[in-house]
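This briefing covers two topics for a reader new to the structure. Please look over the sequence and the model first.

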Amino acid sequence: MARPCAVVGIGQTDYRRRLEVSLEGLVRWAALEALEDAGLTFADIDAVVIGKAPDLLEGVMMPELSLADALGAVGKPIHRVHTAGSVGAATAISGVTMVESGRYDRVLVVCYEKQSEGNATWALSGGKSGGQGAGGTFAPWIRSYIRRSGAPEHIGWQVAVKDRRNALRNPHAHLRIPDISVEKVKESPMLWEPLHFLESCPSSDGAAAVVLASEDVARKGPAKPAWVVAHAKRSEYASFPGRDPVRPRAGVECAEALYRKAGVTDPLRQIDCAELYVPFSWYEPMWLEGHLLAAPGEGWKLTDSGATELGGSFPVNPSGGVLSSNPIGASGLVRCLEAARQVRGTAGEHQVEGAKVALGHAYGGAAQYFAMWLVSSELQPAFA
């Protein structure tokens with residue numbers, strides 16, 4: 001049996017177009033906040049796990065070595081995780097398994113990206129010019145989803161407005177647009193049909209960190225823990241005969257494994273809110289369906305009904321999500337820590353009232369890597 005594991009400390013930088021700090025300063029900013037929240041110091045940490053997107057984004061190879069000193073990891077185990085855009089959530093899960101194994105009692109997880117010091121499109125194109133970028137990859141699949149589901153064109157605009165408005169409640173968020181509206185989104189430049197400029201994520205600098213701990217440590221901590229009750233990772237090839245990139249099988253299986261482990265049988269009812277990795281607005285309804293929160297063709301209807309609004313029955317991305325802040329290597333961890341903030345009741349102005357169980361999610365690559373966790377205010381939540 002795996003030991004219980006909890007989030008006992010949370011830290012994050014602001015997310016901005018450019019943060020005038022070094023890489024060392026960036027990761028230390030988040031790590032020190034997480035340690036302070038946990039009532040611990042670097043000396044108390046047994047192991048460190050660091051995650052980020054491809055090294056080409058900043059051109060710094062093997063950053064786990066150059067950042068070890070800044071993270072208090074000298075003489076301690078330090079692990080590196082990389083699973084493209086899902087890396088933040090995958091790194092968090094790697095830290096959880098280290099605690100669950102019984103080998104470590106306190107693990108520091110840190111993820112970051114400094115996009116201002118690199119060229120993401122060039123890097124994601126394998127260091128080649130003329131790359132189509134992430135939006136160019138996903139737009140055809142979004143068009144396929146629209147055709148298959150019959151979704152009206154305003155759904156993407158609606159998601160963009162919702163998440164931007166939520167971001168106004170989050171002081172860490174990168175994009176803060178007070179006058180955001182459906183008309184403003186609709187009139188913004190078209191980037192990759194049907195995606196407009198304001199339906200797309202920004203390029204952000206930023207870092208995030210969590211301290212994970214065993215049950216004994218968590219119960220002695222100064223703050224309320226967020227218990228990790230289930231986690232799952234799945235992946236598939238980017239291209240193979242019969243692959244469905246609109247509803248990747250790995251994403252479905254990841255959700256199935258997560259809910260099965262937690263004992264969740266009706267996720268839309270039994271989970272109170274979700275932080276989904278939505279870098280382009282249409283991925284909200286697509287992942288609602290792809291992760292079994294809505295039936296095929298029904299995700300957009302859930303969005304259209306207002307259920308995913310902050311005050312709705314199933315709030316999605318109350319923090320503003322990836323649409324509002326996107327330090328790629330950290331974005332998945334931000335989803336996970338924001339879910340933890342919800343069940344701890346520390347999300348401030350974007351707190352979901354009464355949240356006890358929350359979903360953190362990330363995907364990466366050509367929608368081929370998936371990582372998810374469920375966190376709860378209770379160690380053993382009862383899913384009636």
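By class, two nonpolar, six polar and two charged residues make up the lining of the largest cavity. The model is predicted. The notes below begin with this cavity and then turn to the aromatic rings.

**Cavity**

- The count of cavities of 30 Å³ or more comes to one.
- The largest cavity holds about 50 Å³ of space.
- Its lining consists of Gln 12, Tyr 15, Asn 170, Ser 319, Gly 320, Gly 321, Ser 325, Val 334, Arg 335 and Glu 338.
- Helix α14 (residues 328–344) contributes the most to this lining, with three residues.

**Aromatic pairs**

- The structure has twelve aromatic pairs.
- One of them joins Tyr 277 and Tyr 363 edge-to-face, at 5.5 Å centre to centre and with 80 degrees between the planes.
- Tyr 277 lies in the loop between β9 (273–275) and α11 (283–290) and Tyr 363 in strand β10 (residues 357–364), so this pair ties together parts that are 86 residues apart in sequence.
- Tyr 277 counts as buried at 5% relative accessibility, and Tyr 363 is buried with a relative accessible area of 2%.
- Tyr 363 also forms an edge-to-face pair with Trp 287, at 4.8 Å centre to centre and 65 degrees between the planes.
- Trp 287 lies in helix α11 and Tyr 363 in strand β10, so the pair ties together parts that are 76 residues apart in sequence.
- Trp 287 is buried, as is Tyr 363.

**Cluster and charge**

- One aromatic cluster is formed by Phe 138, Trp 141, Trp 192, Tyr 277, Phe 280, Tyr 283, Trp 287, Tyr 363 and Phe 370.
- Over the ring of Trp 141 sits the charged end of Arg 243, 5.9 Å from the ring centre.

Terms used:
Residues numbered from 1 in each chain as written. Predicted model: local features only at pLDDT ≥ 70, side-chain atom pairs only at ≥ 80, totals over all residues. Heavy atoms only, no water. 1 Å grid on protein atoms, 1.4 Å probe; cavity = no way out; pocket = protein on both sides within 12 Å on 5 of 7 lines; lining within 4 Å. Points joined across faces, edges and corners; volume = space filled by probe spheres on them. Helix = DSSP H or I, 4+ residues; strand = E, 2+ residues; numbered from the N terminus. Nonpolar A, V, L, I, M, F, W, Y, C, P; charged D, E, K, R; others polar. Phe/Tyr/Trp six-rings, centres within 6.5 Å; stacked < 30°, edge-to-face > 60°. Buried < 20%, exposed > 50% of the residue type's maximum accessible area, 1.4 Å probe, protein only. Lys NZ or Arg CZ within 6 Å of the ring centre and 35° of its normal.
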